[in-house]
Amino acid sequence: MRREWLLAWLWVGGASGIGALLSYPWTGIIIGLASYLAWHLFNLRRLVRWLSGDGSLPGGSPGGWGEIYHGLYRLRRRSRRRKKRLRKALKRFRQSTAALPDAIVALEDDEFIDWWNPPAGEWLGLRRQDLGQPISNLLRDPALIHFLREQRDPDEELTIDAPMDPARKLAVRLVDYGKRRRLLVARDITRLQRLEQMRSDFVANVSHELRTPLTVISGYLETLEADPQLPGELKTVIQTMDAQAQRLQNIVSDLLLLSRLENGEGLRHEEDIDMHAMLGAIVEDARVLSNGRHRIELVLESHSGLHGNREELHSAFANLIGNAVRYVPEGGNITVSWREHDDGLQMCVADDGPGIEARHLPRLTERFYRVDTGRSREQGGTGLGLAIVKHVLLKLNGELRIDSEPGRGSRFCCHFPLSARSGSLS
Ligand code: ADP
């Protein structure tokens with residue numbers, strides 16, 4: 001700026017000096033000021049033209065204009081370099097998202113489509129004109145729309161058929177990544193589901209095939225066992241074989257029930273169930289099984305019933321009560337209760353038996369998971385009981401809650417939502 005002042009003084013001073021020499025000092029000053037102003041206007045016009053994209057950046061001007069042009073030139077060079085770097089980064093980003101095997105859709109303001117990668121375009125049928133549209137206008141699956149509105153847990157997945165290819169199964173997740181910005185990530189799980197289905201079909205088929213031969217073997221063993229002429233040492237052998245055949249039959253029928261429940265082919269008939277009658281009958285059976293070794297109490301606080309499949313619910317409750325009788329040592333107490341709370345209905349089996357260590361609790365409902373394998377087998381357990389209970393409850397949107405501590409007993413509660421209630425029965 002100092003140079004600009006110097007230039008202005010020299011310009012106007014020079015003009016007035018020449019004017020003074022010619023005896024017209026004021027005319028010299030006016031011409032000096034006017035030409036100085038004209039020079040600025042000329043440079044201003046060049047700058048405006050350049051800013052509006054017309055013409056190249058002028059150079060070589062003295063004073064402030066030279067500094068302005070030079071500064072602008074540097075700025076433009078820097079911004080060009082930055083733009084190039086950004087373009088390259090964007091290209092790399094586009095290439096990497098296109099190479100991803102999952103479909104990704106970026107959503108602005110929770111649901112407006114910002115961009116997507118090629119698998120998303122192919123599986124969800126998104127086209128160029130869908131940019132900026134609410135995604136719920138394009139994907140009409142009601143479960144997906146509900147998921148988009150309500151889902152806030154990034155770990156939760158929804159399985160849907162791909163809109164453009166119903167044979168393709170997609171696991172959809174929603175991940176927050178900024179202020180009201182979300183990523184919809186869809187993973188192709190067609191192969192996984194097919195494998196899962198094959199595994200489940202295989203277990204169901206094997207169990208089914210084993211059922212008849214086992215019934216025949218068991219029948220013959222029972223007939224042999226009843227033969228009075230059977231020598232004593234053979235009788236023990238036959239009895240052991242019969243007990244093992246019985247155990248196999250129990251495993252096979254539990255496996256069959258479990259695969260039916262898993263495949264959603266559970267027994268379809270649903271009815272109103274009088275819980276007082278059902279629990280009363282199961283507790284009576286448990287007392288027979290216990291043969292006086294335990295004190296079994298039934299506490300019925302709610303008059304509500306359940307709406308579901310009778311056989312499946314009977315099997316779930318009988319499993320829990322049967323477990324208590326099998327695992328609680330002689331002299332123990334077992335309490336079966338039926339209660340209603342604000343958030344649902346609860347059937348609990350509490351005992352003061354050996355209890356279970358905390359590390360086992362999350363795995364108890366896995367198939368064939370046992371805390372003590374030897375003891376479970378000795379008690380005639382199949383290791384499938386709690387897995388069956390979990391699946392029966394899932395069908396009614398219920399859940400199994402387990403509370404247990406070694407030495408202090410266990411509490412297994414079947415929690416049902418109020419929607420599973422059949423209404424007052426008595
Ligand atoms: P199992 O046929 O072996 O009883 P379950 O799935 O019914 O299989 O139970 C899984 C395991 O949970 C059992 O092996 C047992 O170790 C443990 N368990 C279940 N109920 C009780 C209980 N009331 N007290 C202590 N342990 C229990």
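Trainee: What should I know about the model before we start?

Mentor: This is a predicted model, so local features need pLDDT of at least 70, side-chain atom pairs count only at pLDDT 80 or more, and totals for chains, interfaces and linings use all residues. Residues are numbered from 1 along each chain as its sequence is written, and side-chain values use heavy atoms, with hydrogens and water left out.

Trainee: How many disulfides are found in the whole structure?

Mentor: One turns up in the search, a disulfide being a pair of cysteine sulfur atoms within 2.5 Å. It joins cysteine 348 and cysteine 413, with the sulfur atoms 2.0 Å apart. Cysteine 348 sits in strand E10 (residues 344-351) and cysteine 413 in strand E12 (residues 409-416), so the pair links distant parts of the chain, 65 residues apart. Helices (H or I, at least four residues) and strands (E, at least two) are DSSP runs, numbered from the N terminus.

Trainee: Which hand does the link of cysteine 348 and cysteine 413 have?

Mentor: Right-handed, with 110° about the S-S bond.

Trainee: And are those two cysteines buried or exposed?

Mentor: Cysteine 348 and cysteine 413 are both buried. Buried means under 20% relative accessible area, exposed over 50%, and partly exposed in between (1.4 Å probe, protein chains only).

Trainee: Switching to charges. How many salt bridges does the structure hold?

Mentor: It holds 20, where a salt bridge is a side-chain nitrogen of Lys or Arg within 4 Å of a carboxyl oxygen of Asp or Glu. One of them pairs aspartate 110 with arginine 182, the closest N and O atoms being 3.6 Å apart. Aspartate 110 is in the loop between E1 and E2 and arginine 182 is in strand E5 (residues 181-188), so this bridge ties together parts 72 residues apart in sequence. Both residues, aspartate 110 and arginine 182, are buried.

Trainee: Which ones sit within a helix?

Mentor: Glutamate 284 and arginine 287, for instance, form a salt bridge with N and O atoms 3.0 Å apart. They both lie in helix H9 (residues 275-290), three residues apart, about one turn of the helix. Elsewhere, salt bridges that share partners join Glu196, Arg199, Glu262 and Arg367 into one network. Within it, glutamate 196 and arginine 199 meet at 2.6 Å, N to O.

Trainee: What about surface patches?

Mentor: A patch is made of residues with over 30% relative accessible area and no salt bridge; like charges are joined within 9 Å, and nonpolar side chains (Val, Leu, Ile, Met, Phe, Trp, Tyr) within 5 Å. Ile18, Leu21, Leu22 and Tyr24 form a nonpolar one, with about 520 Å² of accessible area together; areas come from the Shrake-Rupley method with a 1.4 Å probe, and for residues only the protein chains shown count as cover. Isoleucine 18, in helix H1 (residues 2-21), is exposed at 54%.

Trainee: Which residues form the positive patch?

Mentor: Arg74, Arg77, Arg78, Arg81, Arg82 and Arg85. Lys and Arg count as positive and Asp and Glu as negative, while His and the chain ends are not counted. The place of a charge is taken as NZ of Lys, CZ of Arg, CG of Asp or CD of Glu. Arginine 77 is in helix H3 (residues 63-99).
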